[in-house]
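Dear colleague,

Please find below the structure that I am handing over to you. My notes on what was found in it follow directly after.

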Amino acid sequence: MALEPIYEADFSQYSFGFRPTRCTMDAIKCITWSTQERKKYFWIIEGDISSYFDTINHEKLIQLLRKRVKDEWLLKLIWKFLRAGVMEGKLFRDTRQGTPQGGIVSPLLANIYLDELDRYMERHTTLTTSDKTERRKKGKANYAYIRYADDFVILSNGTRAEAEVKKEEIYNLLRYSLKLNLSKEKTKITHINDGFKFLGFWIQRSPGHNGMKTKVDIPKEARERVLGKLTHATDKTSYRDSLNTKIQAMNRIISGWCRYYQYTSKASSVFNEIENEYFWLLAHWIGRKLILPMPEVMKRYNRGHHFGTKEYQLIKAYKEFPPLHYKKRFLKPNPYIMQEVIQREEFPEETRWTGWELRLQPKITCSLVTCSERGLRV
C-alpha cells in the first residue's frame, strides 16, 4: 500500500504485469498494434529469464529501492520479508535470494527489479516519430518492447542480425547489472510470420481480408491442457463426488479458461470443439458412476438445451462466451491521480465454489424389538 503509489508514477507504460488497471490483453494488444503493416516490427526477441523469481538478488533489490524510498524502517521490513525463509513440508529453508511466489508484495518487488530493464529499453521506445524515421534512413532498427512480469518481447523493424545484437546487449545487462540469467537457448529470435507464443496466446502474422494481419489464437497446447484438467476431473477415482459438485467443478474450469481466451481470433470454433469434448466426458462419468447405459443417461440428464440436474447445468462455452474484441487502450494514465476507484479485478457474479459439499448420510433406524427378533446385536 505504501510502495505501489510511489512506483506507479515511475513504471514504464509498456510494463503490464501485476499492476492496477492492467491485464494480459493490454500486453497482447500492444503487440498487435506494434506489428501493423506500416510499422514493420516483424523480428521478435522472446525473452526468457531463467528462474526469475527464485534468483532476484536481495542486496541489489534493496539498492534499487533506496533510489525512491528513504524510510529505513520500511526498507528493514522488506529485508526481513525477503530473509524470512520458507517452509517446504516440515523443513525450513533459508532464502538468500529470490522473492517467495505468492507473497503479497513479491509481484511489486519483481517489477521494481526489472524496471531497470524497462528504463534501458526506453532509449528506443520513447524516441519521437522523426527520430525513428531518421534511424530508418540510416539503416538502423527501431524497437518496441512489451513486458509482463518476467516475460518480455522486443520487436525490431530491422534485420535479424540487428536483433541478434540486441539480444546480446540484453543478456549482458541482465547478467552484469541485475545478476540474472537470460537463457540463450530459450530466448529465441522469431519472425512474426512464423508465429510465437506469449502469455499463453499464439501470435502470428497471416493473410486477412485486407492484407496481412497479426492474429491472436489459442495454442494447441492450451486446448490440450484444459481438456487434461477436465479429464482428470472426471476420472474414475472421483465417482464418490455428487453430480452437482462435479458440474460446478467443471463449470469453474471451463468458464475461467474461456474468459481468458474470449478475445482470440477463432474463439467460437475452438470453444465449440472443447464443448463437445467435455460434454461426453461428463456423460460417460455419469454412466459409469450410476451404472447406466448412455441412452438412459441422455434420457435422464439431457434436458432440452441443458445437460445436468435441476439445480446445476453444464455450461455451454459456445453460447456463454461469444468472441469479443478488446477495445481498451493499452497505454493508461497513473491510476493514483485519477478521480476513480481502482478496480483490481472484475470477478464474475457467481457463487464461489468451495470445492466440497456437505452430504448428509441417510439415517438408518430400527426399533429394539425388531432388531432383537432378528437376532441382531443391540
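I begin with Trp 257. Setting aside residues up to four places away in sequence, Trp 257 touches Ile 218, Ala 222, Arg 223, Val 226, Val 270, Phe 271 and Ile 274. Please bear in mind throughout that this is a predicted model.

Trp 257 also belongs to the largest nonpolar core, which has 98 residues; together with Phe 198 and Phe 307, Trp 257 touches the most other members. The element that gives the most to this core is helix α11 (residues 267-290), with ten residues.

Ser 268 is also located in helix α11. Is Ser 268 buried or exposed, or does it count as something in between? Its relative accessibility is 24%, so Ser 268 counts as partly exposed. Apart from residues up to four places away in sequence, Ser 268 touches Tyr 318 and Pro 323. Between Ser 268 and Leu 324 there are 10.0 Å in space, C-alpha to C-alpha, although the two are 56 residues apart in sequence.

Asn 251 lies in helix α10 (residues 243-260). This residue counts as buried because its relative accessibility is 12%, and the cut-off for buried is under 20%. Leaving aside neighbours within four places in sequence, the contacts of Asn 251 are Gln 313, Leu 314 and Ile 315.

I turn next to the strands. An open sheet is built from four strands in the order β4-β5-β1-β6, and the pairing is antiparallel. At its edges are β4 (143-148) and β6 (189-191), each of which pairs on one side only. On average, neighbouring strands of this sheet are turned by 20 degrees against each other, direction ignored.

The pairings may be followed across the sheet from β4. Six bridges connect β4 with β5 in the antiparallel sense, and Tyr 145 has Ile 154 as its bridge partner in β5. These two strands form a hairpin with two residues between them, and in the turn Ala 149 has a positive phi of about 60 degrees. Strand β5 is mostly covered, with five of its six residues buried.

Which other helix does α6 pack against? The partner is helix α8 (residues 160-177): the axes of α6 and α8 are 11 Å apart, and the angle is about 145 degrees. The crossing in which α6 passes α8 is right-handed. From α6, the contact is made by Leu 114, Leu 117, Tyr 120, Met 121 and His 124; from α8, by Lys 166, Glu 169, Ile 170, Leu 173 and Leu 174.

Further strands deserve mention. Strand β7 (residues 196-198) and strand β8 (residues 201-208) run antiparallel and are joined by three bridges. Here Phe 198, already named as a core residue, has Phe 201 in β8 as its bridge partner. The hairpin of β7 and β8 has two residues between the strands, and Leu 199 takes a positive phi near 60 degrees in it. Strand β8 then pairs with strand β9 (residues 211-217) in the antiparallel sense over seven bridges. A hairpin of two residues joins β8 to β9.

A last point concerns the cysteines. How many disulfides does the structure hold? The number is zero. Two cysteines may be noted for their accessibility. Cys 23 has a relative accessibility of 28% and therefore counts as partly exposed. Cys 30 counts as buried, because its relative accessibility is 1%.

With kind regards

Definitions and conventions:
Residues numbered from 1 in each chain as written. Predicted model: local features only at pLDDT ≥ 70, side-chain atom pairs only at ≥ 80, totals over all residues. Heavy atoms only, no water. Core = buried A, V, L, I, M, F, W, Y, C linked by side-chain atoms within 4.5 Å. Buried < 20%, exposed > 50% of the residue type's maximum accessible area, 1.4 Å probe, protein only. Contact = heavy atoms within 4.5 Å. Pairing = 2+ DSSP bridges. Axes fitted to C-alpha atoms, helices over the stretch in contact; angles between N-to-C directions. Disulfide = S-S within 2.5 Å. Left-handed = near helix turned anticlockwise from the far one by under 90°.
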